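This briefing sets out selected features of the structure shown below, grouped by topic.

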Amino acid sequence: MSVTPGQPAPDFTRRSDDGRSVSLRALRGQWVALYFYPRAGSAGCSIEAQRFEAAVPEFERLGAQVIGVSTDTEARQAAFRDSCRLSYPLIPDGDRSLCRAYGVMGGLGGLLGMAGRVTVLVDPDGRVAWVHRSANPLSHVSGALAELERRQA
């Protein structure tokens, strides 16, 4: 089942590709831009990841932490981080439990064991504030920033 605005965001504590512990509960008090992507290293995912990286200063200005999630292995995520020069955490979700909790396993990608391209904004109270589902990797960053600015105006 997909997450919807207003509901509590499924909590998680996971190890990122670089060994950091990432906990949604520990991020309470700030916004979280949690984006799911199908495959580390693919053209569309690389474009999206680099767009999020370029926008990290804007997300920080708006009090938001960016986190990327895919069903790739830790090693593949680490290689992806290096090739795209990313500074934010990437969470490997090999067992797909985080992707299932957020309802992003579906369609053809789900049949292939990949997450869909979905961005979820989690508010400082730990509730889902906004969900963006689009195959277009160019729309996620601008949409998330616009929604953050709208909510903070």
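Threonine 119 touches Leu34, Tyr35, Glu48, Phe52, Trp130, Val131, His132, His140 and Ala144, leaving out residues up to four places away in sequence; contact here means heavy atoms within 4.5 Å. The model is a predicted one, in which local features need pLDDT of at least 70, side-chain atom pairs count only at pLDDT 80 or more, and totals for chains, interfaces and linings use all residues. Residues are numbered from 1 along each chain as its sequence is written, and side-chain values use heavy atoms, with hydrogens and water left out.

**Threonine 119**
- Threonine 119 lies in strand β6 (residues 118–122); strands (E, at least two residues) and helices (H or I, at least four) are DSSP runs numbered from the N terminus.
- Threonine 119 counts as buried because its relative accessibility is 0%, where buried means under 20% relative accessible area, exposed over 50% and partly exposed in between (1.4 Å probe, protein chains only).
- The side chains of threonine 119 and histidine 140 are joined by a polar contact of 2.7 Å; such a contact is a pair of N or O atoms within 3.5 Å, and within protein one must be able to donate a hydrogen and the other to accept it, while residues adjacent in sequence count only if both atoms are side-chain atoms.

**Nonpolar cores**
- The largest nonpolar core has 26 residues, and those with the most contacts inside it are Tyr35, Phe59, Phe80, Tyr88 and Leu121; a nonpolar core is a set of buried Ala, Val, Leu, Ile, Met, Phe, Trp, Tyr and Cys residues joined through side-chain atoms within 4.5 Å.
- Two or more residues of this core come from each of β3 (31–36), α1 (43–54), α2 (56–61), β4 (64–70), α3 (74–84), β7 (128–133) and α6 (139–152).
- With 4 residues, α6 gives the most to this core.
- A second, separate core of 21 residues includes Ala9, Val22, Val104 and Val122.
- Phenylalanine 59 is in contact with Ala33, Phe52, Ala64, Val66, Val141, Ala144, Leu145 and Leu148, apart from its neighbours within four places in sequence.

**Helices α1 and α3**
- Where α1 and α3 meet, Cys45, Ser46, Ala49 and Gln50 of α1 are in contact with Phe80, Ser83 and Cys84 of α3.

**Alanine 75**
- Alanine 75 is placed in helix α3 and counts as exposed because its relative accessibility is 60%.
- The C-alpha atoms of alanine 75 and alanine 49 are separated by 17 Å, and these residues are 26 residues apart along the chain.
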